[in-house]
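Trainee: I am new to this structure and would like a close look at one part of it. Please take me through the surroundings of the ligand.

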Amino acid sequence: MLDRLKPQPADKILALMQQFREDPREGKIDLGVGVYKDASGVTPVMRAVKSAEQKLWQSETTKTYTGIAGDPAYNQAMRKLILAGSVADDRIASVATPGGTGAIRQALELVKRASPEATIWLSAPTWPNHPAIAGFLGLATAEYRYFDPATCGVDIEGMLEDLARAKPGDLVLLHGCCHNPTGANPTQTEWQRIVETVGASGATVLVDLAYQGFGDGLDADAYATRLIARSLPEVLIAASCSKNFGIYRERTGILIAISAEAGETAVTQQNLASLNRLNFSFPPDHGARLVTMILEDEALRDSWMEELEATREGMLALRTQLADELRRLTNSDRFDFIARHRGMFSRLGATPEQVAEIREKFGIYIVGDSRINIAGLNAQTVPLLAKAMVAVGV
Ligand code: LMR
């Protein structure tokens with residue numbers, strides 16, 4: 001049977017990670033996969049996570065299964081962090097999932113069950129795993145315009161025009177903050193227009209919220225998600241703790257499903273639980289438990305928020321430095337958008353050939369669509385990237 005398997009298309013982010021590992025050059029710079037790194041290139045375990053792990057090691061008396069939806073306290077703590085009471089609790093169903101990707105997968109499985117004819121509307125461009133998972137599940141996809149290469153901002157008119165074509169039973173996937181891969185995000189007024197357009201279309205929204213706290217702050221980054229949840233009858237939210245808690249390998253995420261009527265919540269919850277059971281049974285618990293301990297304990301929470309804020313400010317400082325450096329080198333404001341973008345990523349606007357040249361000549365690894373992970377830089381390497389960009393004619 002196994003001899004019938006065909007090679008699968010490589011995920012371009014994972015392929016680049018591998019290529020970077022194999023490059024023997026000293027001083028190579030990894031701006032590929034979306035992992036936060038501090039100025040010394042380390043992805044640290046956050047202080048609050050270390051403390052929670054220590055406490056957990058002392059207090060945990062069993063490793064028996066949690067509930068099929070994960071620990072109820074985790075679900076409550078995450079609902080509060082993301083929604084902050086914007087929707088009545090009796091309309092909300094949720095399950096813990098293995099990371100944000102697990103939540104996206106479960107969300108699309110739920111859509112497949114409820115509306116197999118759905119078209120999944122994805123931003124052009126989006127995270128490559130979105131269309132990959134939808135395609136794997138046999139769901140139809142369509143793109144809505146999002147990124148305007150001329151301004152490196154959001155093409156809001158194009159976006160609204162395309163989203164108006166979504167139909168009831170379709171799913172519109174929106175990035176809640178820190179758009180991946182572009183770094184360009186709608187303003188609050190534009191979000192209002194997006195909500196009105198999608199609301200009028202009758203489609204259901206899925207918010208992918210993987211970077212809460214990495215853009216403008218924990219509450220500001222949840223603005224769009226809360227607005228959507230408050231304004232539309234039916235909303236799915238796939239959220240990740242990988243980045244904001246720095247617990248990538250613990251696979252900690254949540255899928256929230258808000259039903260139009262409180263009377264539907266029990267069946268929605270039961271469907272979410274059944275999908276967990278079918279796909280992997282009980283969700284991973286270690287990361288979820290750490291997150292719950294941090295969110296429920298004032299001292300741990302303060303420590304976490306302080307470190308997250310420093311992380312966010314560090315990325316903003318790198319953005320400003322890179323934009324300033326490019327302004328100096330090119331004597332133009334062409335790259336000022338880098339300082340306006342938010343989150344880990346920015347799409348630079350380089351061609352695939354220029355991206356390859358930057359990798360070959362300068363050992364700087366950028367995803368082929370010219371997405372950089374800003375956190376892969378530090379104060380010393382920002383000038384190197386700027387110089388390389390100018391040298392290849394970006
Ligand atoms: C990324 O886009 O680099 C991250 O979301 C990590 C991943 O799994 O691709």
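Mentor: Tryptophan 127 has a polar side-chain atom 3.1 Å from an oxygen atom of the ligand. This is a polar contact, meaning a pair of N or O atoms within 3.5 Å. For asparagine 180, a side-chain N or O atom is 3.0 Å from a ligand oxygen atom, and for lysine 243 the corresponding distance is 3.4 Å. The protein buries 80% of the 260 Å² that the ligand exposes when taken alone, with areas from the Shrake-Rupley method and a 1.4 Å probe.

The model is predicted: local features need pLDDT of at least 70 and side-chain atom pairs need 80 or more, while totals for chains, interfaces and linings use all residues. Residues are numbered from 1 along each chain as its sequence is written, and side-chain values use heavy atoms, without hydrogens or water.

The residues around the ligand, each with a heavy atom within 4 Å of it, are Ile13, Val33, Gly34, Trp127, Asn180, Tyr211, Lys243 and Arg371. By class, four of this shell are nonpolar, two polar and two charged; Gly counts as polar, and Trp and Tyr count as nonpolar.

An automatic or database assignment divides the protein into domain 1 (9–45 + 310–391) and domain 2 (65–296). Their contact, defined by heavy atoms within 4.5 Å, takes 21 residues from domain 1 and 22 residues from domain 2. Both domains give residues to the shell around the ligand, so the ligand lies between them.

How values were computed. A polar contact is a pair of N or O atoms within 3.5 Å; within protein, one must be able to donate a hydrogen and the other to accept it, and residues adjacent in sequence count only if both atoms are side-chain atoms.
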